Amino acid sequence: MTIVVLSRRNLLAAGGSVLASGVLAAGGSALLLPARADGLAPTESMTGGANNYRKGAPVVDRIGKGGFWMSGTVRRAGDGAPLAGQRIQIWAHTVEGQEHEPQSHGATLTDKDGAFRLEMPQIIPIFGQPHGHLAYDSGEFKTVFLRPIMRSAKETSLEAHFVLQPA
Amino acid sequence: MQGQVKGLGSLIWVALALAIGVPIAFAAASEQLAWRGPIYILASFAGIIALGLVLVQPLLIGGYLPGPSAYRNRRTHQWIGGALALAVVIHVAGLWFTSPPDMIDALTFSSPTPFSPFGVITMWAVFAVALLASLRRRLGLRLRLWRFVHIPLAIVIVVAGVVHCLLIEGTMETISKAVLCALVLAATIKVLADLWRKRAVRGESAARQ
């Protein structure tokens, strides 16, 4: 009986302190927000990410005949706010062309939730690894090149996420 | 008895042909080839053939292949060493042509792919052996010193080469590739073990005198 009472008391105390610290933390972050830079860290460019990049790939509804989905999100460093209307360039070695060929490149824009999704041909292994390339290089934020790897060459989708910092 | 030895001899040759031929045949049937240009395909197969040649080398120098004399084996070992260096050159040059930035990353050890540094280390070890072998007479390297230089480099070629191959997701079929790599390692270990044993026996007999 004593044990139950004790644990209930402990529970209440613990719950209270979690609540208090939560409120304090939320208040603190709201107060500090404008000067805060240590929140969501910006995404670093990956090694080899810029390989076979072509500047100014056109915004397209779909790259080639499609069949494979590249998707992801674009957010702002620090507060993690979704960034709408951001241009993301995508390219890869696919069943329809090599990495450097123009038809393997395309771009898309993020929606109001900062999400993007572009259909493209199936990615196949090149240089020993099935991978895709993505770039943000519109100038407003610092340029980032990503090179995500597929867990298996049989997968039909791939994700990459950007956290951008002001240029 | 003679017939049995002959039978065993041809069995070894058949096994060697299968160990190298089967992975090449699987790679030649890979669906990946449909989406690769001719130079990329050439580069890929130069790499696969190089792995096959790395299997032949310890078998030749260890005298495990029936038929030719020890002298002929050594000469063939040298020629195949040259062919191996050439295969590596074709492999690297073809990949450079296919995607220069990826090859520059690899050669400068700044590639995101984990197998690339192993491939580059293998390449330099192959080139080093080829260069030293071509200069051996001029440098006056005696057998002992030659082995002291060649054996560590050969171990680097085998180990780094095998790791490089196993980590790659490409045209080679997984099991036939793994078997070929295992045979390369086994043949190398066998040659080293035999050499060690011979040296120990020689040491003993020298001590007895």
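## Exercises on a predicted two-chain model

The buried residues of α4(B) pack against α3 (70-98) and α5 (116-139) of chain B.

**Exercise 1.** Find which residues of helix α4 of chain B are buried, and state how they are placed around the axis.

*Solution.* 
- Step 1. Helix α4 of chain B spans residues 100-107, and its buried residues are Asp102(B), Met103(B) and Ala106(B).
- Step 2. These residues cover an arc of only 95° around the axis, which puts them on the same side of α4(B).
- Step 3. The spacing follows a general rule: an α-helix has 3.6 residues a turn, so residues three or four places apart point the same way.
- Step 4. The partners of the buried residues of α4(B) are α3 and α5 of chain B.
- Step 5. After α4(B) comes Phe109(B), with a positive phi near 55°.

**Exercise 2.** Describe the make-up of chain B and decide how its radius of gyration relates to the globule rule.

*Solution.* 
- Step 1. Chain B contains seven helices and zero strands, in the sequence pattern α-α-α-α-α-α-α.
- Step 2. Its radius of gyration is 19 Å, close to the 17 Å that the globule rule gives for 209 residues, so chain B is as compact as a globular protein of that length.
- Step 3. Along the principal axes, the C-alpha atoms of chain B fill a box of roughly 65 × 45 × 25 Å.
- Step 4. Buried residues make up 32% of the 209 in chain B.
- Step 5. Taking contacts in chain B between residues at least 6 apart in sequence, 77% join residues at least 24 apart.

**Exercise 3.** Work out the strand order of the three-stranded open sheet in chain A, and identify its edges.

*Solution.* 
- Step 1. The order is β4-β1-β7 in chain A, with mixed pairing.
- Step 2. β4 (115-120) and β7 (157-164) of chain A each have a single partner strand, so one side of each is left without a neighbour in the sheet.
- Step 3. From one strand to the next, the twist averages 20°.
- Step 4. β1(A), residues 68-76, runs antiparallel to β4(A) and is joined to it by six bridges. Among the bridge partners, Trp69(A) goes with Glu119(A) and Gly72(A) with Phe116(A).
- Step 5. In a regular strand the side chains alternate between the two faces of the sheet. In β4(A), Phe116(A), Leu118(A) and Met120(A) form the covered face, while Ala115(A), Arg117(A) and Glu119(A) form the uncovered one.

**Exercise 4.** Characterise the contact between chain A and chain B.

*Solution.* 
- Step 1. The contact involves 17 residues of chain A and 15 residues of chain B.
- Step 2. On the chain A side there are seven nonpolar, eight polar and two charged residues.

Terms used. Residues numbered from 1 in each chain as written. Chains lettered and ligands numbered in written order. Predicted model: local features only at pLDDT ≥ 70, side-chain atom pairs only at ≥ 80, totals over all residues. Contact = placed C-beta atoms within 7 Å. Nonpolar A, V, L, I, M, F, W, Y, C, P; charged D, E, K, R; others polar. Buried ≥ 20, exposed ≤ 12 C-beta atoms within 10 Å, placed from the backbone. Helix = DSSP H or I, 4+ residues; strand = E, 2+ residues; numbered from the N terminus. Arc of directions from axis to C-beta. Pairing = 2+ DSSP bridges. Axes fitted to C-alpha atoms, helices over the stretch in contact; angles between N-to-C directions. Rg over C-alpha atoms; globule rule 2.2 N^0.38 Å.
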